[in-house]
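Hello,

Here is the structure we talked about handing over. Please open it first, then read my notes below.

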Amino acid sequence: METSIASSPSIGKEEVFNPTYESNVHFDWGFEGCAMEMEVDKEEGAMDNVVSEPRSQQQEGDTSTFGSYVGHATNPTPTPTLYDYTEHFTTDKVFSSEKELVEWTRCTGKRYGFVIIIKASEKFIKNRKPRMRFSCERSGKYRKFVKKSLGEEVAVKKRATRSTGTKKIECPFLLKGVKGNDGWTVSVHNGTHNHPPAVYLEGHSYPGRLSADQTAMLVDLSVSMVKPKQILSQLKGNDPSNVTTIKHVYNARHKYRVIEKAGRTQMQHLMAQLQHFSYVNWDRSDKDRNVTDLFWAPPCAGEMLRAFPRVLMMDCTYKTNRYRFPLLQIVGVTCTELTFNVAFAFIECEKEENYTWVLEKLKGMMDADTLPVVIVTDRELALMNAIRSVFPHATNLLCRFHISKNVLAKCRKMFDDKTWEEFSCSWGLVVLSASVTQYEERLRALKRDFQMFPTALDYVEKNWLIPYKERFVGAWTDKVMHFGNLISNRAESAHAALKHQLEHSQCNFDNIWEKMHRLIQLQETEVKASLEKNLTSVPHEFRSPLFEMLRGVVSKNGMTHVLAASRQVEWIVESNHACECALRYTHGLPCAHEIAPYKTKNIPLPLELIHDHWKRLSLVQIHTLEFEIYKDFHILMYEVDVIFQIL
């Protein structure tokens with residue numbers, strides 16, 4: 001039955017809602033947010049004591065605000081509706097453990113839209129049975145946190161930037177659990193709530209807490225660099241009833257990091273991690289003990305440097321940390337033409353003294369007979385001077401790509417579209433000149449064809465050709481064994497991979513190291529997999545007798561260069577063209593005129609024609625005598641195979 005608010009006999013008394021009856025309840029909050037309008041599906045024996053009044057049936061002349069409780073002429077006090085759930089929590093079941101009791105209580109509350117928490121636990125009181133009390137999360141009364149100063153209570157000032165609130169509304173719900181001889185039993189001390197059940201439990205912090213198994217999974221995924229939103233998706237996929245929110249995930253990740261640091265500062269934690277994972281590391285500090293330069297190298301960098309020391313690429317990148325320190329990244333290249341990270345250095349500024357300190361630490365990692373022969377950089381004068389000082393015997397090549405970008409930026413505005421294409425083509429021919437004579441001829445042609453643009457000619461000649469032509473023009477670089485590395489694209493690619501892993505530019509040093517460490521682990525696995533694949537797998541294009549001695553000893557990438565040179569043999573023989581031997585000088589591989597006699601006689605190329613760089617299919621150094629024995633055995637097996645074919 002429907003009862004008018006003004007004539008209801010229950011005004012001033014607590015109104016009880018029994019959830020035994022099925023109902024369709026719609027809440028319509030009034031202006032004061034205290035009362036509710038309910039539309040109830042009438043059934044036999046349904047709730048006669050629930051207050052409800054549609055707006056259309058409000059008594060004429062009633063001046064009270066609709067949605068507020070009425071009963072006093074002045075200062076009306078809202079009377080909450082009580083929701084009775086006594087029979088839903090009444091059970092004769094005996095629980096074998098405390099964990100089973102807690103789980104049943106929480107699941108039952110969750111089923112009906114309430115969050116049940118442990119209010120008190122008494123388990124170690126002498127001469128008294130263990131017991132627990134369960135209440136609603138909205139039980140109790142809000143109390144301000146206070147601090148005592150000179151015996152007086154002073155209210156703590158809240159932060160102006162933080163908005164806080166409370167869920168406490170003195171809900172009377174209470175359960176009691178007692179441990180007997182057979183196990184735990186639970187009884188209902190007060191089964192009523194003074195608030196309706198929750199519509200969505202996702203808005204409640206307690207049900208969204210992660211279990212121990214979920215926390216362990218979150219830690220594993222976080223260590224593997226999985227993003228929080230993906231972790232949350234995984235939790236929801238494993239348990240469709242899970243009500244965890246993204247805030248729970250962030251809080252759990254933060255708690256794990258706090259525990260992991262164990263009270264250490266950022267730098268203390270970083271140094272502990274570097275030492276734990278056997279990183280090579282050095283740092284410098286100023287007089288105030290502030291770190292100014294920081295160098296570290298992964299443990300795998302040592303063995304990779306010993307295997308592939310000849311070519312290194314160095315370049316600085318920015319926006320990787322909140323302290324705005326430039327990051328100098330040093331990378332190398334393997335015989336399978338994969339890039340590996342050698343070292344990282346955060347430097348206070350890009351001065352020669354800082355670069356010199358970093359390169360000296362890098363040199364300290366290397367053996368005297370495995371120092372770099374070629375170092376590729378852009379035109380960073382301080383870094384170039386430091387390289388000249390620390391590695392005086394290394395050839396410092398300049399990145400052709402960065403030079404082209406500088407020429408484009410300075411000269412493009414001087415030409416129209418058609419003329420610029422012609423100038424750019426002529427400039428490219430000058431850079432790619434194969435000999436000094438060809439370089440001089442093409443440079444004269446460039447000056448003759450574009451004499452109307454003296455500013456552009458003056459720029460490329462005075463800023464690049466005169467001081468640095470030996471560092472990037474083919475006539476000189478083709479005499480240097482750089483294994484095809486004439487630009488610093490590998491360092492740029494390493495920058496991109498690192499920044500993709502970091503995700504933002506406000507990382508701390510310890511966070512940067514953690515993400516770098518995962519990246520280096522994946523990189524090491526990729527390099528080792530490529531080396532092993534070259535040992536065990538032979539592409540079909542290398543099945544010819546010419547590669548008989550090279551298979552399983554020389555990398556596929558090295559044999560690909562040899563195959564390309566072997567295809568030029570017929571052209572060189574027929575045209576009587578002189579071989580420029582560029583492949584021999586730049587890659588340490590046989591050029592066309594060296595391959596010609598072996599291909600003509602259909603006999604295999606000897607291993608002596610291949611540079612050791614292409615034969616490093618293992619990061620473990622092989623002793624020279626052992627390698628010679630292995631090589632002789634390989635030759636012997638080939639000769640035996642030939643004899644058997646003849647027989």
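**Salt bridges**

Lys469 and Glu470 meet through their side chains in a salt bridge (3.6 Å, N to O). A salt bridge here is a side-chain nitrogen of Lys or Arg within 4 Å of a carboxyl oxygen of Asp or Glu. Glu470 is partly exposed, because its relative accessibility is 38%. Buried means under 20% relative accessible area, exposed means over 50%, and partly exposed lies in between (1.4 Å probe, protein chains only).

Before going on, note that this is a predicted model: local features need pLDDT of at least 70, side-chain atom pairs count only at pLDDT 80 or more, and totals for chains, interfaces and linings use all residues. Residues are numbered from 1 along each chain as its sequence is written, and side-chain values use heavy atoms, with hydrogens and water left out.

The whole structure has 17 salt bridges. One of them joins the side chains of Lys261 and Asp510 (3.2 Å, N to O). This pair links distant parts of the chain: Lys261 sits in helix H4 and Asp510 in helix H15 (residues 509–536), 249 residues apart. Helices (H or I, at least four residues) and strands (E, at least two) are DSSP runs, numbered from the N terminus. Lys261 is partly exposed at 25% relative accessibility. Asp510 is buried, at 4%.

Arg284 and Glu353 form another salt bridge between side chains (2.6 Å, N to O). Arg284 lies in strand E10 (residues 280–285) and Glu353 in helix H7 (residues 352–365), so the pair ties together parts 69 residues apart in sequence. Arg284 is partly exposed, with a relative accessible area of 21%. Glu353 is partly exposed too, at 47%. Arg284, Asp293 and Glu353 are linked in a network of salt bridges.

**Helix packing**

Helix H2 (residues 212–223) packs against helix H4 (residues 246–261) at an angle of about 75°, with the axes 10 Å apart. Axes are lines fitted to C-alpha atoms, for helices over the stretch in contact, and angles run from 0 to 180 degrees between N-to-C directions. H2 is therefore roughly perpendicular to H4. Angles under 35 degrees count as roughly parallel, over 145 as roughly antiparallel, 65 to 115 as roughly perpendicular and the rest as oblique. H2 brings Leu218, Val219, Ser222 and Val223 to the contact, and H4 brings Val249, Ala252, Arg253 and Tyr256. Contact means heavy atoms within 4.5 Å.

Helix H16 (residues 556–566) and helix H19 (residues 592–601) have axes that come within 9 Å and cross at roughly 80°. H16 and H19 are therefore roughly perpendicular to each other. Val562, Ala565 and Ser566 of H16 meet Ala592, Ile595 and Lys599 of H19.

**A buried threonine**

Where is Thr320 placed? Thr320 is in the loop between strand E12 (311–317) and strand E13 (327–333). Thr320 counts as buried because its relative accessibility is 1%. Not counting residues up to four places away in sequence, Thr320 touches Phe325, Leu327, Phe346, Lys499, Leu502, Ser505, Cys507 and Ile512.

**Whole chain**

The protein chain has 20 helices and 16 strands. Of its 647 residues, 41% count as buried. Among contacts between residues at least 6 apart in sequence, 63% join residues at least 24 apart.

Best wishes
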